[in-house]
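Subject: Structure for you to look at, with notes

Dear colleague,

I am passing on the structure we talked about, and I would be grateful if you could look it over with the notes below at hand.

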Amino acid sequence: MANHSQLGFQDASSPIMEELIQFHDHALMVALAICSLVLYLLTLMLTEKLSSSTVDAQEIELVWTILPAMVLITLALPSLRILYMMDEINEPDLTLKAIGHQWYWTYEYTDFKDLTFDSYMIPTADLPLGHFRLLEVDHRVIVPTGSTVRVIVTADDVLHSWAVPSLGVKTDAIPGRLNQTSFLATRPGVYYGQCSEICGANHSFMPIVVESAPLPNFEHWSSSLSS
Amino acid sequence: MLASRVFSLVGRRSISTSLCLRAHGHGVVKAEDYTLPAYVDRRDVPLPEVAFVRDLSAQQQALKEKEKASWSALSVDEKVELYRIKFNETYAEMNKGTNEWKTILGGVFFFLGFTGIILIWQKHFMYGPIPHTFSEEWLSAQTKRMLDMRVNPVEGISAQWDFDKNEWKK
């Protein structure tokens, strides 16, 4: 989860998110360099006295065409690399279905047994001391640490979106459509997210909580719930 | 600027014939003010289309006659007078700044302050209490829970807590 005044990303808990953070740092530096240059040139132009002696500008026209093209290539190459990386065949160990409703999520683990449960937000008035307002749910999504998980996201009524920032996952939940994404939780922990597509009055009150636990713990939880 | 170049290409004759005809109402349609040669004080248009003073007094006309002879015969005051006939401002006067920025800055501060007043009024008269999860007790329990859960352990909050000494890292 984020701090109260956090501006930057949460720490990555999946390899894709690590890549995305690095790309973002790179793109931000490029943007900062361009902005500084523009600000500098602007100040220069505004403080310079007007002159009637400029007639031709061939050299600078060439420069300010070639240079931006090179900058765009510098941005496009890492971006496409990560895009293709996300679509790699990764042979998931586990398939999880996330179904969005107004205003809660239903999760189904049907690989081995039929495990289905709803996940509602805990109202602020019912929160135990120190728990996170608008983020806690009654039933978390438990996944084994270090295992690639395939998530099939859909919705029952209106558009929703299943998002967990620290895992680098955001997938729209569209009624009548199955969208697939995958993630790998690299470390054990609890990762929070919120519904990311406007879906009515309680859109802000249907969070997602993914708990990454070691495999034996996951198996113990899964068998105790589905029996 | 383009217009001034066109005039210099076409020649002074065009200014004195067709344009004057238009200016004095002998053409078909009344010539609008903006189509007639105009005077302008600009650094990037050093020689405006017309002289500043159009109708010369008798004294100024005599001076223009004197200008046709050798210029070394002119006194400094006469040269200044000839300049003022041709041009409105000197370069120094043209480039002088104004005090407009003070007005603008004052206006900006005024509206910032006005917005602030609105916000204060809203907080005092409109909004209800904030959630109970912002109390000191709750926030400290929440921070402890975040550290126990190792939230953001790489560069975030859990990376700034010294778990051995049970205090924030220096």
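The notes that follow begin with the contact between the chains and then turn to the cavity and to some local features.

Please keep in mind throughout that this is a predicted model, and that every value below is computed from it.

The contact between the two chains takes 23 residues from chain A and 24 residues from chain B. The size of an interface is often given as the accessible area lost when the parts come together. Here chain A and chain B bury about 2000 Å² between them, and 58% of that area is on carbon and sulfur atoms. On the side of chain A, the residues A:Asp11, A:Leu50 and A:Leu129 together supply 27% of the area buried against chain B, which is more than any other three residues supply.

Nine residue pairs are found in polar contact across the interface, with both residues at pLDDT 80 or more. The residues of chain A that touch chain B divide into nine nonpolar, eight polar and six charged.

The count of cavities of 30 Å³ or more comes to one, and the largest cavity has a volume of about 90 Å³. Which residues lie nearest the centre of the largest cavity? Of the 13 residues that line it, these are A:Arg187, A:Val190, A:Tyr191, B:Val151 and B:Asn152. By class, the lining of the largest cavity is made up of six nonpolar, four polar and three charged residues.

Over all chains, the count of salt bridges comes to 12. One of them joins the side chains of A:Lys97 and A:Glu108, at 3.8 Å from N to O; A:Lys97 belongs to strand β1 (residues 94–101) of chain A and A:Glu108 to strand β2 (residues 104–109) of chain A, so placed that the two residues are 11 residues apart.

Two points of backbone geometry may also be worth a look. The peptide bond from A:Gln102 to A:Trp103 is cis, with omega near 5°, and A:Trp103 is placed in the loop between β1 and β2 of chain A. A:Leu134, although it is not a glycine, has a positive phi of about 65°, and A:Leu134 lies in the loop between β3 (115–119) and β4 (141–144) of chain A.

With best wishes

Terms used. Residues are numbered from 1 along each chain as its sequence is written. Chains are lettered from A and ligands numbered from 1 in the order in which they are written. This is a predicted model: local features need pLDDT of at least 70, side-chain atom pairs count only at pLDDT 80 or more; totals for chains, interfaces and linings use all residues. Side-chain values use heavy atoms; hydrogens and water are left out. Contact means heavy atoms within 4.5 Å. Buried area is the accessible area (1.4 Å probe) that two parts lose on being put together, summed over both. A polar contact is a pair of N or O atoms within 3.5 Å; within protein, one must be able to donate a hydrogen and the other to accept it, and residues adjacent in sequence count only if both atoms are side-chain atoms. Ala, Val, Leu, Ile, Met, Phe, Trp, Tyr, Cys and Pro count as nonpolar, Asp, Glu, Lys and Arg as charged, and the others, Gly among them, as polar. On a 1 Å grid over the protein atoms alone, a cavity is a set of points where a 1.4 Å probe fits but cannot get out, and a pocket is an open set with protein on both sides within 12 Å along at least five of seven lines; lining residues have an atom within 4 Å of a point. Grid points are joined across faces, edges and corners, and a volume is the space filled by probe spheres set on the points. A salt bridge is a side-chain nitrogen of Lys or Arg within 4 Å of a carboxyl oxygen of Asp or Glu. Helices (H or I, at least four residues) and strands (E, at least two) are DSSP runs, numbered from the N terminus.
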